[in-house]
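Subject: Handing over a structure with its ligand

Dear colleague,

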Amino acid sequence: MRLKDKIAIITGGGKGIGRAVAEAFTAEGASVAITDVDAAALQSAADALCGDVVILENDVSDIDSHAQLLDTVVNIWGRIDVLVNNAGIEISQPILEASPDAWDKLFGTNLRGPFFLAQRVAKQMIASGNKGCIVNIASVHDQTPLWESGVYSITKAGMGMVTKTLALELAPFGIRVNSVSPGAIATPMNQPLLSDPEKLAQTEKTIPLGRIGLPREVARAAVFLASDEASYVTGATLYVDGGLLLRT
Ligand code: NAD
């Protein structure tokens, strides 16, 4: 029960890593608000999760919607202890074909939205005198570019700096900010890879631990960073990648 009585918001919690984070957080005693743009995925997550869970349809890229999102959570539980900025999208385009539209969508969902949500959550924590924490889900591609997903990689590199700058300026308020950066994880985002056994086998050969990761393996890192066990950890990035970065 490492997150007993903590109140958490997890964005993009309907599927994949966000859903695994919601499962791990509730198992550790947290009350959890999960947001997503996919109403059906949210409902299915809510049906599967045990514990104190609220589902809220919300698009993280719509920064005008954040005030109402926070009001809803604070009205239910009175405060926010943890934000997990997990929602993200990937759009594959060779760099010579990267379009302004895809750039705006990727930046809106992966960087601009999460930054302003974190800012608003931090203001709420400060106003209520609450020493909470923020966990951003970045990627190994905050360090190394993903072939034909250059703009995605640029957003994740930006997320790495969001973590550091927020950690620096929020430390005086006792608010910790860290990243979890996954490698290749078996989620709906990777469905094309998972459904192509040859490509999957090739990918797994490039991973030192020899296999793709599981969403719950990323979730465990988020639990650690959100828990009091990480009370002296801020501005850090925890890579959960089976050693992938050692080879790239
Ligand atoms: P996923 O596509 O399987 O699930 C993402 C969830 O976020 C979905 O339920 C989706 O509906 C939701 N979502 C998408 N846009 C949203 C928005 N604007 N507002 C709210 N919710 C939104 O993806 P995943 O693999 O679970 O990825 C989660 C995070 O982890 C992302 O930030 C992703 O970039 C990152 N990541 C994933 C991998 C991987 O291999 N799967 C690797 C590194 C980083």
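The notes below turn to the ligand and then to the packing of helices.

Please keep in mind that this is a predicted model, in which local features need pLDDT of at least 70 and side-chain atom pairs count only at pLDDT 80 or more, whereas totals for chains, interfaces and linings use all residues. Residues are numbered from 1 along each chain as its sequence is written, and side-chain values use heavy atoms, with hydrogens and water left out.

Around the ligand there are 28 residues, of which Asp36, Asn86, Tyr152, Thr187 and Asn190 come nearest (a residue is near if one of its heavy atoms lies within 4 Å of the molecule). Sorted by class, this shell holds 13 nonpolar, 10 polar and five charged residues (Ala, Val, Leu, Ile, Met, Phe, Trp, Tyr, Cys and Pro count as nonpolar, Asp, Glu, Lys and Arg as charged, and the others, Gly among them, as polar). Helices α1 (16-27) and α5 (150-170) each supply at least two residues of the shell, where helices are DSSP runs of H or I with at least four residues, numbered from the N terminus.

As for the helices, α4 and α5 pack at an angle of about 15°, with their axes 9 Å apart (axes are lines fitted to C-alpha atoms over the stretch in contact, and angles run from 0 to 180 degrees between N-to-C directions). That makes α4 roughly parallel to α5, a word used for angles under 35 degrees, with over 145 counted as roughly antiparallel, 65 to 115 as roughly perpendicular and the rest as oblique. Helices α1 and α8 (residues 215-226) pack at about 55°, with their axes 8 Å apart, which makes α1 oblique to α8.
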